[in-house]
Amino acid sequence: MDSVHSAIRGELCSLVCKIWPDATPDIFDMDCPGAEISAPLGFRPGPCDIWWQEELGRMAEAYPPVIFGARLLKGISAANGHVLFHISDEAYSAIISHIIKNYPKPQMPDDTGHIINYAAARMLMLSRKGGQGCPAPFKKGLWLCLCIEGFQGKKRESLRKRAAEALLCAMDGLNAEERDAVREFSGGCADCAARLLTINPL
């Protein structure tokens, strides 16, 4: 079974190939600031990044990339020579459902002294709540979880730790009422995150 990471890269590559046939999946950076995904298309010979943004935006409207039956992108922007791809809420929901259906749910860790085990335990507890989508405060942490499968070695373990930190800090800055509201529909997202945090530990 291909990882979600690979499926997303494949969809984006199919989109970019409509304009630049030589595009390959490895041009897409899944761990970048400013968006979930970026590609350095503005640095390549020819038109600038704004041109790429506009052309790819038109292509995405005509031939929308899809992930597990949901529209993958909510928008495309450009910055500093890169085209930025922003993932839709529908795609997050579809990804969460796919992970819950296909990836094993871990047992509650016996030892929560390590940050990854502690985050997994917190997510398993939160998974008892309802909700199928990804609340905004958890998007960064969940995206980092999704990237874990796409890397190996030190980068993989760095992503695992960063994902745990982001999940644990997701509701920092929210007041008590806001935290309670987010918790009420974070169950699916938390369930998905726990599965990804603990998959194939190295």
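Let's start with a crossing: helix 3 and helix 8 cross in a left-handed sense. Bear in mind that this is a predicted model.

Now the geometry. Helix 3 covers residues 89-102, and helix 8 covers residues 187-197. Their axes come within 9 Å. The crossing angle is roughly 55°. That angle is why helix 3 counts as oblique to helix 8.

Who makes the contact? From helix 3, we have Ile 96, Ile 99 and Ile 100. From helix 8, we have Gly 188, Cys 189, Asp 191, Cys 192, Arg 195 and Leu 196. By class, the contact of helix 3 with helix 8 has six nonpolar residues, one polar and two charged.

Next, the largest pocket. How much space lies in it? About 190 Å³.

Which helices supply the lining? Helix 4, helix 6 and helix 7 each give at least two residues. On the sequence, helix 4 is 115-126, helix 6 is 153-168 and helix 7 is 176-183. Helix 4 gives the most, with four residues.

Let me name the lining residues. Arg 122, Met 123, Met 125 and Leu 126 are among them.

To recap: a left-handed crossing of helix 3 and helix 8, and a largest pocket with helix 4 as the top contributor to its lining.

Note on methods
Residues numbered from 1 in each chain as written. Predicted model: local features only at pLDDT ≥ 70, side-chain atom pairs only at ≥ 80, totals over all residues. Heavy atoms only, no water. 1 Å grid on protein atoms, 1.4 Å probe; cavity = no way out; pocket = protein on both sides within 12 Å on 5 of 7 lines; lining within 4 Å. Points joined across faces, edges and corners; volume = space filled by probe spheres on them. Axes fitted to C-alpha atoms, helices over the stretch in contact; angles between N-to-C directions. Parallel < 35°, antiparallel > 145°, perpendicular 65-115°, else oblique. Left-handed = near helix turned anticlockwise from the far one by under 90°. Contact = heavy atoms within 4.5 Å. Nonpolar A, V, L, I, M, F, W, Y, C, P; charged D, E, K, R; others polar.
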